[in-house]
Amino acid sequence: MAAAPIRIDVPTPSRAYSVTIGDGTIDRLGQTLDEVRTAARRFVVSSPVVWRLHGEQMARVAGGAEPILVPDGERYKQLATVSRIYDALVRVNADRASTLITFGGGVIGDMAGFAAATYLRGVALVHVPTTLLAQVDSAIGGKVGVNHPLGKNMIGSFYQPHAVLIDPLVLATLPRREFRAGLYEVIKYGMTSSRPLFDRVAGERKPIFARAPEALTAIIAESCRIKASVVADDEREAGPRRILNFGHTAGHAIEAVTKYRRFRHGEAVGYGMLVAAALARARGALADQDRQALADLVASLGPLPPVSDLSATQMLEAMQHDKKMVDGRLHFVLPTAIGATAIVDDVNEKELRAALKQVGFAK
Ligand SMILES: NC(=O)c1ccc[n+]([C@@H]2O[C@H](COP(=O)([O-])OP(=O)(O)OC[C@H]3O[C@@H](n4cnc5c(N)ncnc54)[C@H](O)[C@@H]3O)[C@@H](O)[C@H]2O)c1
Ligand SMILES: [Zn+2]
(Lines give C-alpha, C1' and ligand atoms only; values in the text may rest on other atoms or scores of the structure.)
(Ligands and ions follow the chains in the order given, each with its own letter.)
Protein backbone atom coordinates (compact mmCIF):
# COMPACT_ATOMS: atom_id res chain seq x y z
CA MET A 1 0.00 0.00 0.00
CA ALA A 2 1.26 3.46 -0.84
CA ALA A 3 2.16 5.69 2.07
CA ALA A 4 -0.19 8.56 2.88
CA PRO A 5 0.72 11.74 1.04
CA ILE A 6 2.76 14.37 2.84
CA ARG A 7 1.24 17.81 3.21
CA ILE A 8 3.26 20.96 3.63
CA ASP A 9 1.60 24.30 4.31
CA VAL A 10 2.90 27.46 2.70
CA PRO A 11 1.40 30.36 4.66
CA THR A 12 2.48 33.37 2.63
CA PRO A 13 0.91 36.76 3.35
CA SER A 14 -0.78 36.90 -0.05
CA ARG A 15 -2.15 33.35 0.01
CA ALA A 16 -1.93 30.24 2.15
CA TYR A 17 -1.81 26.98 0.26
CA SER A 18 -0.50 23.50 0.59
CA VAL A 19 1.90 21.26 -1.24
CA THR A 20 0.88 17.61 -1.38
CA ILE A 21 3.59 15.06 -2.12
CA GLY A 22 3.19 11.35 -2.74
CA ASP A 23 2.92 8.58 -5.31
CA GLY A 24 -0.21 8.98 -7.34
CA THR A 25 -1.07 12.46 -6.07
CA ILE A 26 -1.98 13.37 -9.65
CA ASP A 27 -4.91 11.04 -9.37
CA ARG A 28 -6.18 13.17 -6.49
CA LEU A 29 -6.23 16.33 -8.57
CA GLY A 30 -10.02 16.56 -8.85
CA GLN A 31 -10.44 16.06 -5.12
CA THR A 32 -7.75 18.65 -4.32
CA LEU A 33 -9.29 21.21 -6.62
CA ASP A 34 -12.64 20.71 -4.94
CA GLU A 35 -11.04 21.02 -1.50
CA VAL A 36 -9.39 24.34 -2.26
CA ARG A 37 -12.58 25.42 -4.02
CA THR A 38 -10.92 26.63 -7.15
CA ALA A 39 -13.15 27.69 -9.97
CA ALA A 40 -14.93 25.02 -11.90
CA ARG A 41 -13.66 25.58 -15.43
CA ARG A 42 -10.29 23.89 -15.56
CA PHE A 43 -7.62 24.29 -18.18
CA VAL A 44 -4.40 22.35 -18.29
CA VAL A 45 -1.34 24.07 -19.72
CA SER A 46 1.38 21.62 -20.68
CA SER A 47 4.02 20.93 -23.31
CA PRO A 48 3.86 18.42 -26.18
CA VAL A 49 6.66 16.38 -24.56
CA VAL A 50 5.02 16.12 -21.15
CA TRP A 51 1.60 15.57 -22.66
CA ARG A 52 2.81 12.70 -24.83
CA LEU A 53 4.25 10.98 -21.76
CA HIS A 54 1.68 11.77 -19.11
CA GLY A 55 -1.27 13.42 -20.83
CA GLU A 56 -3.54 10.44 -20.67
CA GLN A 57 -3.36 10.32 -16.89
CA MET A 58 -3.83 14.08 -16.60
CA ALA A 59 -6.73 14.18 -19.06
CA ARG A 60 -8.48 11.52 -17.03
CA VAL A 61 -8.23 13.44 -13.76
CA ALA A 62 -8.70 16.93 -15.17
CA GLY A 63 -12.07 16.12 -16.63
CA GLY A 64 -11.04 15.51 -20.22
CA ALA A 65 -10.69 19.16 -21.23
CA GLU A 66 -8.46 19.88 -24.24
CA PRO A 67 -5.03 20.86 -22.98
CA ILE A 68 -3.34 24.08 -24.01
CA LEU A 69 0.01 22.88 -25.31
CA VAL A 70 2.95 25.25 -25.72
CA PRO A 71 6.65 24.46 -26.24
CA ASP A 72 8.78 24.34 -23.12
CA GLY A 73 12.39 24.97 -24.04
CA GLU A 74 14.03 27.89 -22.24
CA ARG A 75 14.09 29.81 -25.52
CA TYR A 76 10.30 29.66 -25.67
CA LYS A 77 9.99 31.17 -22.22
CA GLN A 78 8.94 34.53 -23.59
CA LEU A 79 5.90 36.75 -23.91
CA ALA A 80 5.01 35.39 -27.35
CA THR A 81 4.40 31.96 -25.85
CA VAL A 82 2.37 33.40 -22.99
CA SER A 83 0.30 35.14 -25.66
CA ARG A 84 -0.54 31.77 -27.13
CA ILE A 85 -1.91 30.74 -23.75
CA TYR A 86 -4.04 33.93 -23.62
CA ASP A 87 -5.24 33.24 -27.17
CA ALA A 88 -6.37 29.76 -26.24
CA LEU A 89 -8.18 31.07 -23.16
CA VAL A 90 -9.93 33.84 -25.05
CA ARG A 91 -10.96 31.42 -27.79
CA VAL A 92 -12.84 29.23 -25.33
CA ASN A 93 -14.25 32.22 -23.44
CA ALA A 94 -12.46 31.37 -20.22
CA ASP A 95 -13.84 33.70 -17.57
CA ARG A 96 -12.76 34.74 -14.07
CA ALA A 97 -14.20 31.51 -12.74
CA SER A 98 -11.43 29.49 -14.39
CA THR A 99 -8.50 27.54 -13.01
CA LEU A 100 -5.21 27.04 -14.80
CA ILE A 101 -3.42 23.81 -14.02
CA THR A 102 0.23 23.86 -15.04
CA PHE A 103 1.61 20.46 -15.95
CA GLY A 104 5.28 20.52 -16.85
CA GLY A 105 8.71 21.68 -15.77
CA GLY A 106 9.73 25.10 -14.53
CA VAL A 107 9.34 26.70 -17.92
CA ILE A 108 5.67 25.72 -18.21
CA GLY A 109 5.04 26.60 -14.56
CA ASP A 110 6.61 30.04 -14.88
CA MET A 111 4.83 30.87 -18.16
CA ALA A 112 1.41 29.46 -17.35
CA GLY A 113 1.71 30.93 -13.85
CA PHE A 114 2.30 34.34 -15.40
CA ALA A 115 -0.69 33.81 -17.68
CA ALA A 116 -2.81 32.91 -14.63
CA ALA A 117 -1.58 36.02 -12.79
CA THR A 118 -2.49 38.33 -15.65
CA TYR A 119 -5.39 36.82 -17.58
CA LEU A 120 -8.45 38.86 -16.54
CA ARG A 121 -6.22 40.20 -13.73
CA GLY A 122 -5.83 36.80 -12.23
CA VAL A 123 -7.45 33.38 -12.28
CA ALA A 124 -6.84 30.41 -9.98
CA LEU A 125 -3.58 28.53 -10.41
CA VAL A 126 -2.56 24.99 -9.50
CA HIS A 127 0.89 23.62 -10.20
CA VAL A 128 1.53 19.98 -11.01
CA PRO A 129 5.30 20.05 -11.60
CA THR A 130 6.91 17.27 -13.62
CA THR A 131 10.65 17.88 -13.30
CA LEU A 132 12.65 17.44 -10.12
CA LEU A 133 13.69 21.07 -10.33
CA ALA A 134 10.10 22.26 -10.57
CA GLN A 135 9.00 19.93 -7.75
CA VAL A 136 11.62 21.15 -5.29
CA ASP A 137 11.88 24.73 -6.39
CA SER A 138 9.89 26.59 -9.01
CA ALA A 139 6.38 25.35 -8.16
CA ILE A 140 6.59 26.82 -4.66
CA GLY A 141 6.97 30.49 -3.86
CA GLY A 142 4.94 32.25 -6.50
CA LYS A 143 7.60 33.59 -8.81
CA VAL A 144 6.12 33.57 -12.30
CA GLY A 145 7.33 35.17 -15.48
CA VAL A 146 9.32 35.00 -18.67
CA ASN A 147 12.67 36.01 -20.12
CA HIS A 148 13.44 39.18 -22.03
CA PRO A 149 15.88 38.95 -24.95
CA LEU A 150 18.31 40.90 -22.76
CA GLY A 151 17.90 38.97 -19.56
CA LYS A 152 16.48 35.93 -17.84
CA ASN A 153 13.27 36.24 -15.82
CA MET A 154 13.14 40.00 -16.37
CA ILE A 155 9.36 40.12 -16.83
CA GLY A 156 7.23 38.67 -14.10
CA SER A 157 5.30 38.85 -10.92
CA PHE A 158 4.70 37.14 -7.61
CA TYR A 159 1.56 35.06 -7.83
CA GLN A 160 1.05 32.25 -5.38
CA PRO A 161 -0.74 29.11 -6.55
CA HIS A 162 -3.85 27.77 -4.82
CA ALA A 163 -2.29 24.34 -4.51
CA VAL A 164 0.75 22.32 -5.59
CA LEU A 165 0.53 18.60 -6.29
CA ILE A 166 3.78 16.67 -6.48
CA ASP A 167 3.89 13.13 -7.79
CA PRO A 168 7.39 11.61 -7.75
CA LEU A 169 6.22 8.89 -10.16
CA VAL A 170 6.20 11.33 -13.09
CA LEU A 171 9.96 11.68 -12.68
CA ALA A 172 10.41 8.16 -14.05
CA THR A 173 10.43 9.54 -17.59
CA LEU A 174 12.68 12.52 -16.91
CA PRO A 175 15.96 12.43 -18.88
CA ARG A 176 18.89 11.66 -16.58
CA ARG A 177 20.54 14.99 -17.17
CA GLU A 178 17.38 16.88 -16.16
CA PHE A 179 17.06 14.69 -13.11
CA ARG A 180 20.63 15.39 -12.04
CA ALA A 181 20.12 19.11 -12.64
CA GLY A 182 17.34 19.06 -10.05
CA LEU A 183 19.50 17.19 -7.57
CA TYR A 184 22.00 20.05 -7.37
CA GLU A 185 19.17 22.24 -6.09
CA VAL A 186 18.39 19.58 -3.48
CA ILE A 187 22.03 19.70 -2.40
CA LYS A 188 21.66 23.46 -2.23
CA TYR A 189 18.86 23.11 0.33
CA GLY A 190 21.01 20.70 2.30
CA MET A 191 23.95 23.09 2.30
CA THR A 192 21.92 26.16 3.29
CA SER A 193 19.50 24.64 5.73
CA SER A 194 19.71 20.94 6.51
CA ARG A 195 22.65 18.68 7.22
CA PRO A 196 20.30 15.65 7.40
CA LEU A 197 19.11 16.38 3.85
CA PHE A 198 22.69 16.72 2.64
CA ASP A 199 23.62 13.42 4.29
CA ARG A 200 20.57 11.73 2.87
CA VAL A 201 21.47 12.65 -0.70
CA ALA A 202 25.00 11.38 -0.10
CA GLY A 203 23.87 8.19 1.61
CA GLU A 204 20.97 7.29 -0.68
CA ARG A 205 22.48 8.14 -4.00
CA LYS A 206 21.69 4.72 -5.39
CA PRO A 207 17.95 4.55 -4.65
CA ILE A 208 17.67 8.21 -5.60
CA PHE A 209 19.24 7.58 -8.99
CA ALA A 210 17.07 4.49 -9.38
CA ARG A 211 14.19 6.91 -8.70
CA ALA A 212 12.79 4.75 -5.98
CA PRO A 213 9.64 6.58 -4.91
CA GLU A 214 10.38 6.48 -1.14
CA ALA A 215 13.87 7.88 -1.64
CA LEU A 216 12.56 10.61 -3.92
CA THR A 217 9.64 11.50 -1.70
CA ALA A 218 11.96 11.99 1.27
CA ILE A 219 14.30 14.43 -0.46
CA ILE A 220 11.53 16.26 -2.30
CA ALA A 221 9.50 16.72 0.87
CA GLU A 222 12.47 18.01 2.85
CA SER A 223 13.39 20.42 0.05
CA CYS A 224 9.80 21.65 -0.16
CA ARG A 225 9.68 22.14 3.61
CA ILE A 226 12.75 24.34 3.44
CA LYS A 227 11.52 26.33 0.48
CA ALA A 228 8.06 26.72 2.04
CA SER A 229 9.40 28.02 5.32
CA VAL A 230 11.78 30.45 3.68
CA VAL A 231 9.08 31.73 1.34
CA ALA A 232 6.51 32.09 4.10
CA ASP A 233 8.93 34.29 6.04
CA ASP A 234 9.89 36.43 3.09
CA GLU A 235 7.46 36.20 0.20
CA ARG A 236 9.12 38.86 -1.92
CA GLU A 237 12.74 38.03 -1.30
CA ALA A 238 13.55 41.09 0.76
CA GLY A 239 15.84 39.25 3.15
CA PRO A 240 15.88 35.64 4.38
CA ARG A 241 14.72 34.21 1.05
CA ARG A 242 18.04 35.27 -0.40
CA ILE A 243 19.78 32.31 1.20
CA LEU A 244 18.19 30.21 -1.52
CA ASN A 245 20.44 32.07 -3.93
CA PHE A 246 23.34 30.05 -2.59
CA GLY A 247 25.37 28.92 -5.60
CA HIS A 248 23.38 31.22 -7.87
CA THR A 249 25.68 34.26 -8.05
CA ALA A 250 28.39 32.35 -9.88
CA GLY A 251 25.80 29.92 -11.28
CA HIS A 252 23.87 32.60 -13.14
CA ALA A 253 27.12 34.05 -14.44
CA ILE A 254 28.12 30.65 -15.83
CA GLU A 255 24.77 30.36 -17.60
CA ALA A 256 25.10 33.88 -19.01
CA VAL A 257 28.66 33.56 -20.30
CA THR A 258 27.76 30.29 -22.02
CA LYS A 259 24.59 31.92 -23.41
CA TYR A 260 22.32 29.43 -21.60
CA ARG A 261 23.41 26.69 -23.97
CA ARG A 262 26.03 24.61 -22.27
CA PHE A 263 24.59 24.14 -18.80
CA ARG A 264 21.32 23.16 -17.33
CA HIS A 265 20.54 25.69 -14.61
CA GLY A 266 21.11 23.15 -11.83
CA GLU A 267 24.49 22.17 -13.26
CA ALA A 268 25.60 25.79 -13.18
CA VAL A 269 24.41 25.96 -9.57
CA GLY A 270 26.56 22.89 -8.90
CA TYR A 271 29.63 24.88 -9.87
CA GLY A 272 28.32 28.01 -8.21
CA MET A 273 28.12 26.22 -4.88
CA LEU A 274 31.73 25.12 -5.26
CA VAL A 275 32.80 28.71 -5.95
CA ALA A 276 30.94 29.98 -2.88
CA ALA A 277 32.45 27.20 -0.76
CA ALA A 278 35.96 27.99 -2.01
CA LEU A 279 35.41 31.64 -1.12
CA ALA A 280 34.13 30.76 2.33
CA ARG A 281 37.02 28.38 2.91
CA ALA A 282 39.59 30.99 1.91
CA ARG A 283 38.06 33.41 4.40
CA GLY A 284 38.22 30.83 7.14
CA ALA A 285 34.42 30.86 7.37
CA LEU A 286 34.01 27.20 6.35
CA ALA A 287 35.96 24.14 7.49
CA ASP A 288 37.89 22.48 4.69
CA GLN A 289 36.28 19.19 5.59
CA ASP A 290 32.85 20.65 4.82
CA ARG A 291 34.04 22.22 1.58
CA GLN A 292 35.46 18.85 0.59
CA ALA A 293 32.23 17.03 1.49
CA LEU A 294 30.32 19.36 -0.82
CA ALA A 295 32.86 18.92 -3.61
CA ASP A 296 32.69 15.13 -3.21
CA LEU A 297 28.91 15.05 -3.26
CA VAL A 298 28.72 17.27 -6.35
CA ALA A 299 31.35 15.12 -8.08
CA SER A 300 29.54 11.91 -7.10
CA LEU A 301 26.50 12.88 -9.18
CA GLY A 302 28.64 12.67 -12.32
CA PRO A 303 30.71 14.98 -14.49
CA LEU A 304 29.64 18.56 -15.14
CA PRO A 305 30.20 20.39 -18.43
CA PRO A 306 33.70 21.96 -18.53
CA VAL A 307 34.50 25.50 -17.41
CA SER A 308 38.23 25.53 -18.19
CA ASP A 309 37.66 27.68 -21.29
CA LEU A 310 35.72 30.31 -19.35
CA SER A 311 37.73 33.10 -17.82
CA ALA A 312 37.41 34.61 -14.38
CA THR A 313 37.27 38.02 -16.08
CA GLN A 314 34.20 37.04 -18.10
CA MET A 315 32.62 35.65 -14.98
CA LEU A 316 33.26 38.79 -12.95
CA GLU A 317 31.71 40.90 -15.65
CA ALA A 318 28.61 38.71 -15.81
CA MET A 319 28.23 38.85 -12.03
CA GLN A 320 28.17 42.65 -12.15
CA HIS A 321 25.03 42.43 -14.25
CA ASP A 322 23.26 40.01 -12.00
CA LYS A 323 20.07 40.88 -10.16
CA LYS A 324 21.82 40.06 -6.92
CA MET A 325 23.67 43.37 -7.14
CA VAL A 326 22.03 45.61 -4.55
CA ASP A 327 23.18 49.23 -4.39
CA GLY A 328 26.18 48.34 -6.50
CA ARG A 329 27.40 45.62 -4.16
CA LEU A 330 27.52 41.97 -5.01
CA HIS A 331 25.72 39.81 -2.48
CA PHE A 332 27.15 36.39 -1.90
CA VAL A 333 25.64 33.61 0.14
CA LEU A 334 28.55 31.83 1.79
CA PRO A 335 28.27 28.48 3.53
CA THR A 336 29.58 28.48 7.08
CA ALA A 337 28.93 24.76 7.64
CA ILE A 338 26.82 22.08 6.03
CA GLY A 339 23.34 23.42 6.78
CA ALA A 340 24.29 27.02 7.58
CA THR A 341 25.05 30.19 5.61
CA ALA A 342 25.92 33.84 5.96
CA ILE A 343 25.16 36.60 3.45
CA VAL A 344 28.05 38.96 2.76
CA ASP A 345 28.44 41.95 0.47
CA ASP A 346 32.15 42.61 0.74
CA VAL A 347 33.63 39.97 -1.57
CA ASN A 348 36.49 41.55 -3.48
CA GLU A 349 37.73 40.83 -6.95
CA LYS A 350 40.94 39.19 -5.85
CA GLU A 351 39.35 36.55 -3.67
CA LEU A 352 36.65 35.90 -6.24
CA ARG A 353 39.30 35.31 -8.91
CA ALA A 354 41.13 32.92 -6.61
CA ALA A 355 37.95 30.96 -5.89
CA LEU A 356 37.05 30.72 -9.58
CA LYS A 357 40.54 29.50 -10.39
CA GLN A 358 40.37 26.89 -7.67
CA VAL A 359 37.15 25.51 -9.11
CA GLY A 360 38.67 25.25 -12.60
CA PHE A 361 38.03 28.50 -14.43
CA ALA A 362 40.76 30.03 -16.57
CA LYS A 363 42.40 33.35 -15.67
N1 LIG B 1 9.66 30.30 -10.34
C2 LIG B 1 10.73 29.96 -9.65
O3 LIG B 1 10.82 30.21 -8.45
C4 LIG B 1 11.82 29.23 -10.34
C5 LIG B 1 12.81 28.59 -9.61
C6 LIG B 1 13.78 27.86 -10.28
C7 LIG B 1 13.74 27.79 -11.66
N8 LIG B 1 12.78 28.44 -12.36
C9 LIG B 1 12.72 28.36 -13.83
O10 LIG B 1 12.49 27.01 -14.18
C11 LIG B 1 12.99 26.81 -15.50
C12 LIG B 1 13.70 25.48 -15.56
O13 LIG B 1 12.80 24.47 -15.23
P14 LIG B 1 13.10 22.95 -15.60
O15 LIG B 1 14.47 22.62 -15.22
O16 LIG B 1 11.97 22.17 -15.03
O17 LIG B 1 13.12 22.96 -17.18
P18 LIG B 1 12.00 22.71 -18.30
O19 LIG B 1 10.68 23.16 -17.87
O20 LIG B 1 12.56 23.30 -19.54
O21 LIG B 1 11.99 21.13 -18.42
C22 LIG B 1 13.15 20.46 -18.82
C23 LIG B 1 12.85 19.43 -19.89
O24 LIG B 1 12.22 18.30 -19.31
C25 LIG B 1 11.08 17.92 -20.07
N26 LIG B 1 10.17 17.27 -19.13
C27 LIG B 1 9.45 17.85 -18.16
N28 LIG B 1 8.86 16.93 -17.41
C29 LIG B 1 9.19 15.73 -17.91
C30 LIG B 1 8.91 14.38 -17.55
N31 LIG B 1 8.20 14.08 -16.46
N32 LIG B 1 9.43 13.39 -18.31
C33 LIG B 1 10.22 13.69 -19.38
N34 LIG B 1 10.54 14.93 -19.76
C35 LIG B 1 10.03 15.93 -19.02
C36 LIG B 1 10.61 19.18 -20.70
O37 LIG B 1 9.89 18.92 -21.86
C38 LIG B 1 11.93 19.91 -20.99
O39 LIG B 1 12.45 19.49 -22.22
C40 LIG B 1 13.87 27.99 -15.81
O41 LIG B 1 13.25 28.80 -16.76
C42 LIG B 1 13.99 28.73 -14.49
O43 LIG B 1 14.12 30.11 -14.65
C44 LIG B 1 11.82 29.14 -11.72
ZN1 LIG C 1 18.07 27.61 -8.99
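Buried denotes a relative accessible area under 20%, exposed over 50%, and partly exposed the range in between (1.4 Å probe, protein chains only). The model is predicted, with local features needing pLDDT of at least 70 and side-chain atom pairs counting only at pLDDT 80 or more, whereas totals for chains, interfaces and linings use all residues. Residues are numbered from 1 along each chain as its sequence is written, chains are lettered from A and ligands numbered from 1 in the order in which they are written, and side-chain values use heavy atoms, with hydrogens and water left out.

**View 1. Protein donors of the zinc ion (ligand 2).** E185 (OE), H248 (NE2) and H265 (NE2) lie 2.0 to 2.1 Å from the zinc ion. Donors are N, O and S atoms within 2.8 Å of the metal (3.2 Å for Na, K and Ca); water is not among the atoms, so sites may look incomplete. Along the chain, the donors follow the spacing E-x62-H-x16-H. Because E185 belongs to helix α6 (residues 176-193) and H248 to helix α10 (residues 248-257), the pair ties together parts that are 63 residues apart in sequence. Helices (H or I, at least four residues) and strands (E, at least two) are DSSP runs, numbered from the N terminus. Both E185 and H248 are buried.

**View 2. Positive phi at L120 and R211.** Most residues other than glycine have a negative phi. L120, in the loop between α4 (106-118) and β6 (124-129), has a phi near 50 degrees. With 36% relative accessibility, L120 is partly exposed. R211 occupies the loop between α8 (205-209) and α9 (213-233), and its phi is about 60 degrees. The relative accessible area of R211 is 17%, so this residue is buried.

**View 3. The largest nonpolar core.** A nonpolar core is a set of buried Ala, Val, Leu, Ile, Met, Phe, Trp, Tyr and Cys residues joined through side-chain atoms within 4.5 Å. Among the 97 residues of the largest core, L29, M58, F332 and L352 touch the most other members. Helix α11 (residues 265-282) gives the most to this core, with eleven residues. A second, separate core has 24 residues, including V70, L100, L125 and Y159.
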